[in-house]
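Biologist: I have the sequence and the model open. Can you walk me through what is in it?

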Amino acid sequence: MTVDVLPTAVDLDGIAEQVWVAFLDGGNELVIHSGQSDDSSELSASVGIVGTYDGHVVVSCTEAASRDVASALFAMPADEVTEDEVGDALGELANVLGGNVKSMLPAPSTMSLPIVAKTQHQHFPGTTEVCRTMVTWRGNPFNVALLVSRNN
Amino acid sequence: MLGIVIDDSRAMRRILRKFLEELGFDVLEAGHGREALEVLDGADAVPELALIDWNMPEMNGLEFVVEVRKRPEWRNITLVMVTTESEHSQIVKALASGAHEYVIKPFTKDGMLDKLALLGLVPVGVLS
């Protein structure tokens with residue numbers, strides 16, 4: 001099946017804002033930069049979506065930013081969170097972002113468990129970027145991108 | 001009251017644990033459905049509430065719900081799916097399998113509170 005209408009950067013903006021506000025109490029420290037990206041990322045987390053639409057939702061950020069996320073979610077000082085907690089927190093962020101993107105796609109589809117990697121870019125051969133947004137939270141940039149398989 | 005939080009994310013388990021503790025629950029945790037069955041088997045009491053993620057390794061949330069519903073001694077556990085899975089067909093499948101309620105991530109504290117209040121799981125005074 002071909003998907004006629006894919007989510008746009010505006011859709012991604014809305015999802016990102018909703019997730020940050022609900023999960024990271026980001027209302028007062030959140031700025032959305034639609035369609036933009038930052039190239040300082042050191043970590044990335046992704047979820048895959050398979051179904052009527054095949055693709056990936058990827059969130060990437062600096063190590064300091066990921067520590068801030070873990071600090072907020074685990075309610076611990078940023079310098080006390082472990083590497084596992086950082087990975088867990090960033091993975092859950094990708095999971096919730098991905099789930100909300102998936103909800104905009106035609107059913108049925110399934111979503112993978114999150115993958116977290118110490119790399120600026122996770123490579124997904126055969127995909128192309130559909131849209132992206134950048135979230136600045138507590139001064140740290142987070143890239144959120146939707147990649148789609150070229151076969152869709 | 002006793003509750004169990006079942007989610008493969010420790011961060012999410014912490015958030016949900018804190019939420020339930022603020023309502024006066026004692027809280028058990030498990031990282032996936034199979035572990036949750038073991039925790040329930042080993043628990044001194046049967047929880048009143050289980051908050052269950054859908055996508056987890058080993059045993060997912062839907063499979064857990066099905067297993068719980070096979071056990072008469074756990075029939076009084078209120079099962080609430082807390083998940084990013086928001087397709088209508090999946091919600092129907094979860095409810096048909098025995099889940100009582102469905103909460104989509106990201107949820108707000110007030111939204112979750114309203115759902116639990118409808119299920120009669122919020123102590124008197126908390127909502128006033």
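Modeller: One term to begin with: a nonpolar core is a set of buried Ala, Val, Leu, Ile, Met, Phe, Trp, Tyr and Cys residues joined through C-beta atoms within 7 Å. Buried means that 20 or more other C-beta atoms lie within 10 Å of the residue's own; 12 or fewer makes it exposed, in between it is partly exposed, and the C-beta atoms are placed from the backbone. This is a predicted model, in which local features need pLDDT of at least 70 and side-chain atom pairs count only at pLDDT 80 or more, while totals for chains, interfaces and linings use all residues. Residues are numbered from 1 along each chain as its sequence is written, and chains are lettered from A and ligands numbered from 1 in the order in which they are written.

Biologist: OK, which residues have the most contacts inside the largest nonpolar core?

Modeller: A:Val59, A:Leu90, A:Leu97 and B:Ile52, in a core of 76 residues. Helix 3 of chain A, residues 83–102, gives the most to this core, with eight residues. Helices here are DSSP runs of H or I with at least four residues, strands are runs of E with at least two, and both are numbered from the N terminus.

Biologist: What does B:Ile52 touch?

Modeller: Leaving out residues up to four places away in sequence, B:Ile52 touches B:Ile6, B:Gly61, B:Phe64, B:Val65, B:Leu79, B:Val80, B:Met81 and B:Val82. Contact means C-beta atoms, placed from the backbone, within 7 Å.

Biologist: And the pattern of chain B along the sequence?

Modeller: It reads β-α-β-α-β-α-β-α-β-α, with five helices and five strands. Buried residues are 41% of its 128 residues.

Biologist: How many residues does each chain put into the contact between them?

Modeller: Chain B gives 17 residues and chain A gives 21. On the chain B side, the largest share is five residues from helix 1, residues 10–22. That side divides into six nonpolar, six polar and five charged residues. For that count Ala, Val, Leu, Ile, Met, Phe, Trp, Tyr, Cys and Pro are nonpolar, Asp, Glu, Lys and Arg are charged, and the others, Gly among them, are polar.

Biologist: Switching to chain A. How many helices and strands?

Modeller: Three helices and seven strands, in the order α-β-β-β-α-α-β-β-β-β. Its radius of gyration is 15 Å, close to the 15 Å that the globule rule gives for 152 residues, so chain A is as compact as a globular protein of that length. The radius is taken over C-alpha atoms, and the rule is 2.2 Å times the number of residues to the power 0.38.

Biologist: Which way do strand 6 and strand 7 of chain A pair?

Modeller: Antiparallel, over 10 bridges, with strand 7 covering residues 140–149. Pairing needs at least two DSSP bridges between the strands. A:Thr133 stands opposite A:Val144 in strand 7. The two strands form a hairpin with two residues between them, and A:Arg138 in the turn has a positive phi of about 55°.

Conventions:
Contact = placed C-beta atoms within 7 Å.
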